[in-house]
Amino acid sequence: MSILKTPPATPLQPRRRAIVVGASSGIGAALTQKLAQEGYLVAALARRSDLLNNLCADINAAAGETRALPYEHDVTALEKIPALLQRILTDLGGLDLFIYNSGIQRQVKLDEFDFAKDREMLETNTLGAMAWLNPVAAMFHHLGTGQIVGISSVAGDRGRVGAPAYNTSKAALSTYLEALRNRLTRRGVNVITIKPGFVKTDILSAAGAKKTFWLITPDQAAEGIWQAIKNRKQTVYVPGQWALLMLIIRHIPSFIFRKLNF
Amino acid sequence: MTTPSLPYEKLTNLGNFGHSLQAAAYLYQPSAPEQIGEIFQFARKNGLSITLRGAGRSYNDAALNSGGIVMDLQGMNRILAWNPETGVITAEPGVTLQKLWQHILPDGWWPPVVSGTMYTTLGGCLGMNIHGKNNYKMGTIGEHVLQFTATLPTGAEITCSPTKNGDLFYSMISGMGMLGVFTSITLQMKKMHSGLLNVHAFAVPNLSAHLQAILQTAPENDYTVGWLDSTATGKGLGRGQLHTARYIHEGEDPEPRKTMQVQYQTLPATMFGVFPKSSIHYFMAPFMINPGVWLVNTAKYVASLREGHYRQPHAAFHFLLDYVPNWEKAYGKQGLIQYQSFLPKETAEDAWREILATSNRRGMPSYLGVTKRHRPDKFLLSHALDGFSLALDFKISAGNRSALREMLQHFDEIVLAAGGRFYFAKNSETSPQTALRFLGAETVERFKALKRRTDPHNLLESDLFRRVFGE
């Protein structure tokens, strides 16, 4: 059978295993790199296989052994997910950490109402997440161990004029993760919601964001997320100052929020 | 949307005896031989491998299969036939040594070979070809197997004995469960005339005296085992205490009926008459640091200077590991590993002198050392030789992994250079190169050829197998 591509863990050389969905660029690529550096064996999933293969090759060359395995995968191919998860579980020889990072944002103008774009974002950001999180949660539920990380966004905290569907997709993801946390904490599983602010990624350029602040690199975001994983946090804003800002924004009364243009 | 074909509800985190590893696997627990074939078919259909598991008493990854199927055979635990006249017993592989001796002792019999814990299963005992404190006299458990039946991954049912399918007999016993599944095992038990043993305990002041004493006293005793103070250095390096034991002859025990009752053999339920034994490992844990262990070992050595002659029930003499339930947990969260080396009697002293001195010099002393006397056997993946073994327990800590690993690799070199061998039920870090060197290329190739024959689709694999025989 020998599907296993790396030697089994030993007591003196333990090995943790992770899946990163959406690993080809941005936060996902930085996270894959960070986890490999921390000694994880990572299954890296993404649509863009050329980027993915390069990323894994670089990581493995730097480590001098196999630390990252590439899997070409489109999260909107929902029906393929359970079988792929099983294959990865066998390939890695177990699973300690699952990260859902896939996310897209389509630019919509203030007077644009386009269901096709909305649907695209919901399919990748929310439905894909749920299709992965269900079987992963089932596995961890039965094992009584594991960590689940969902990369949501500060954008999910309010519905804004500029991004109705993106806000919705992330709000749904945050709520879904919260429910999973309530289900799984009692089984010994740690569920973390990550809410990044502005991160220098493709999403940011796709969103056409002009005025940004507290801008961080994907590596900085990955470091913040790694700290949350290490300390088994629950909901974490990255960088941390967003927690305070979003606390204020969440409490801006509707009669004011309706007049704002961000 | 398709539903997953693999049942998540069967996913289980399984561990080992040293609490040093955990691996998730789909756990299947057949209760009858017919179900074994179904599990093989299921594995093949889903592209998964299978590891066989009994009581999970190996210190390493022998009964773990990361991400695959584990077939736990503890449910197949019936004694199928017992003849108190001849002492021949036939049992399923999930029968433990505990169930075995408790079944036969009242009739005046005892298993010819037992491990240091009675919770091991017969299937596991054969797969690893266990030895006891009488290895130099009675050999391994395989030498007392008259016959076994097995289901092969091909679905074939076979019967093996030393004269029938002899190649499979001598390789499935010692074959780590990688060639097929034992379905029934027929063993010859040993006649007893008492439930007690005559035990002699005495101290040995250093390694040279330790090994000499084993050599001299072993032939005239039925059992010999040494405790070695692995924290002693300098002149006292290798000091310890030997326990030798002799069977009691017919007529020596005035009440054999009584001493052979199971109740008579039961280990005491409390320590010092006060603490329930299940709590003792909590009291031990604070001592499991270098100075604490030095103190305990030194105190034990000083106590052993008083020579002892006494009679002891079989169970109390043999099953030292069961005295303190969950003693392994005293080693803490990261667990322990056992490093056991087997060395020819000519080279053992020098090699172990270096190993013991190095471990103390590097600040990673073993916390417990145990010595035994051995003889070679005919089984394919044999660990035994004409010499001694030294089993050393090491505590794993969050910070010592790489240093400990590096030290054990160094020890492997010392042992290999001295013509030594290793045991697949114990060491957790043995590399394919090391295995190849002590087994020899011819043995490894013979084993792989037999595996291709009984398991052409490589359904049987364990983490141990992939570690030691992987490409």
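**Close-up 1. Strands β8(B) and β10(B) run side by side in opposite directions.** In this predicted model, β8(B) and strand β10 of chain B (residues 181–188) pair in the antiparallel sense, with six bridges between them. One spot to look for is B:Thr151, whose bridge partner in β10(B) is B:Val181. Strands of a sheet like this pair through backbone hydrogen bonds, in either a parallel or an antiparallel way.

**Close-up 2. Zooming out to the five-stranded sheet of chain B.** These strands belong to an open sheet with the order β5-β6-β10-β8-β9 in chain B, and its pairing is antiparallel. Which strands sit at the edges? They are β5 (79–83) and β9 (157–160) of chain B, each of which pairs on one side only. Going from one strand to the next, the twist averages 10°.

**Close-up 3. The seven-stranded sheet of chain A.** Over in chain A, there's an open sheet of seven strands, and this time the pairing is parallel. Read across, the strand order is β3-β2-β1-β4-β5-β6-β7. Its edge strands are β3 and β7 (235–238) of chain A, each with pairing on one side only. Ignoring direction, neighbouring strands of this sheet are turned by 15° against each other on average.

Close-up 4. Strand β2 of chain A (residues 41–46) and strand β3 of chain A (residues 68–72) run parallel and are joined by five bridges. To get your bearings, find A:Val42, whose bridge partner in β3(A) is A:Ala68. Then look for A:Ala44, which stands opposite A:Pro70 in β3(A).

Close-up 5. Helix α4 of chain A (residues 115–143) lies across β1 (17–21), β4 (97–100) and β5 (147–151) of chain A. Relative to β5(A), α4(A) runs at about 165°. The axes of helix α3 of chain A (residues 81–92) and α4(A) come within 10 Å and cross at roughly 50°, which makes α3(A) oblique to α4(A). The crossing of these two helices, α3(A) and α4(A), is right-handed. On the α3(A) side, the contact is made by A:Ile81, A:Pro82 and A:Leu85, and on the α4(A) side by A:Ala131, A:Trp132, A:Pro135 and A:Val136. By class, that contact has seven nonpolar residues, with no polar and no charged ones.

**Close-up 6. Another helix pair in chain A: α1(A) with α7(A).** The axes of helix α1 of chain A (residues 26–37) and helix α7 of chain A (residues 218–230) come within 8 Å, crossing at roughly 60°. That makes α1(A) oblique to α7(A). Left- or right-handed, how do α1(A) and α7(A) cross? The crossing of α1(A) and α7(A) is right-handed. From α1(A), the residues in contact are A:Gly26, A:Ile27, A:Ala29, A:Ala30, A:Leu31 and A:Lys34. They meet A:Pro218, A:Asp219, A:Ala221, A:Ala222, A:Glu223, A:Ile225 and A:Trp226 in α7(A). By class, this contact of α1(A) with α7(A) has nine nonpolar, one polar and three charged residues.

**Close-up 7. Two backbone details in the loops of chain A.** A:Trp214 lies in the loop between α6 (202–207) and α7 of chain A. Its phi is near 50°, a positive value in a residue other than glycine. A:Pro239 has its place in the loop between β7 and α8 (242–250) of chain A. The peptide bond leading from A:Val238 to A:Pro239 is cis, with omega near -5°.

**Close-up 8. Where chain B meets chain A.** Here, 35 residues of chain B are in contact with 27 residues of chain A. On the chain B side, the elements that give two or more residues are β1 (11–15), β2 (22–28), α13 (401–417) and α16 (463–469). By class, the side of chain B that touches chain A has 13 nonpolar, 13 polar and nine charged residues.

Notes: Residues numbered from 1 in each chain as written. Chains lettered and ligands numbered in written order. Predicted model: local features only at pLDDT ≥ 70, side-chain atom pairs only at ≥ 80, totals over all residues. Pairing = 2+ DSSP bridges. Helix = DSSP H or I, 4+ residues; strand = E, 2+ residues; numbered from the N terminus. Axes fitted to C-alpha atoms, helices over the stretch in contact; angles between N-to-C directions. Contact = placed C-beta atoms within 7 Å. Nonpolar A, V, L, I, M, F, W, Y, C, P; charged D, E, K, R; others polar. Parallel < 35°, antiparallel > 145°, perpendicular 65-115°, else oblique. Left-handed = near helix turned anticlockwise from the far one by under 90°.
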